[in-house]
Amino acid sequence: MRLLQFSTSHYCRKARLALGYKAIPYQTQNLSPGLHRLTVQPLTGLATLPVLLPQSAGQPEAIGDSSAILRYLETYQPNPSYIPTSPELTRQVWLWEDWLDESVGPAVRFAYYDFRAGEGRSLDPSWSSQAVIQIVRWQYGINSAAVRQAQARLALALEILAPWRERPYLFGDAFSIADLSAAALLSPLARIPRYRQEAPWLFERISEIHRLCGEPAPPGLES
Ligand SMILES: N[C@@H](CCC(=O)N[C@@H](CS)C(=O)NCC(=O)O)C(=O)O
């Protein structure tokens, strides 16, 4: 399989964690932001990465969107599963996956790029890096009012993720797409000192899940 990605995207990390958990061999192909649309839109009709290319007979040519990739991989290789056996828990983990994808992932993006442009500028003050950060801020409309909303959303998310303080998995006693999605989509917060101080348990779980999935730890959590 081939994964079309931006190497730094937290949604692409989510797809890599899923492939790693299921021990499916794959190669990554990094695309350039902006130009990626020329490759991606004809394949999926979407403008976003990740996109998975199964590259085998009888399989779809391309799957766009990390949620669709998670669904596809569960049917392609059911074991080990990241979907609970109980129908009630299955509904719950898909609901969490959708919340993490649609609400928490964008909020993390806002908090992260705001940090990188201000207090965290020293992580890479180069002209080229700061130019990319400014383009992303413009593309997504990241301004101070939107950042405040994102921070409030993240404060609530940390309360909702409370089960992780006490136990390794968010639902039941098994790893699920709720854990996987939270580990990937919250991982950029590892760079922001305020979140490291407020929620050390969050980063322990993110590190554990990266080890479980055989994926290198995200920036800020490397040992
Ligand atoms: N819901 C989508 C979101 C993916 C997404 O937002 N990807 C960003 C990178 S983090 C992207 O490709 N942005 C490029 C663009 O919008 O042109 C998913 O789960 O795959």
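Author: We shall take these topics one by one. The model is predicted, so local features need pLDDT of at least 70 and side-chain atom pairs count only at pLDDT 80 or more, while totals for chains, interfaces and linings use all residues. Residues are numbered from 1 along each chain as its sequence is written.

Reader: In what order do the four strands lie in the open sheet?

Author: Strands (E, at least two residues) and helices (H or I, at least four) are DSSP runs numbered from the N terminus, and two strands pair if DSSP finds at least two bridges between them. Here the order is β2-β1-β3-β4, with mixed pairing. Because β2 (27-30) and β4 (63-64) each have a single partner strand at the edges, one side of each lacks a neighbour in the sheet. Strands β3 (residues 51-53) and β4 run antiparallel, joined by two bridges; leucine 52 has isoleucine 63 in β4 as its bridge partner.

Reader: Which residues are around the ligand?

Author: A residue is near a molecule if its C-beta atom, placed from the backbone, lies within 6 Å of it. Among those around the ligand are Phe6, Tyr11, Asp65 and Asp101.

Reader: How are two packed helices described?

Author: One gives the angle between their axes and the distance between the axes. Axes are lines fitted to C-alpha atoms over the stretch in contact, and angles run from 0 to 180 degrees between N-to-C directions. Helix α4 (residues 87-117) packs with helix α5 (residues 127-140) at about 140°, the axes being 10 Å apart.
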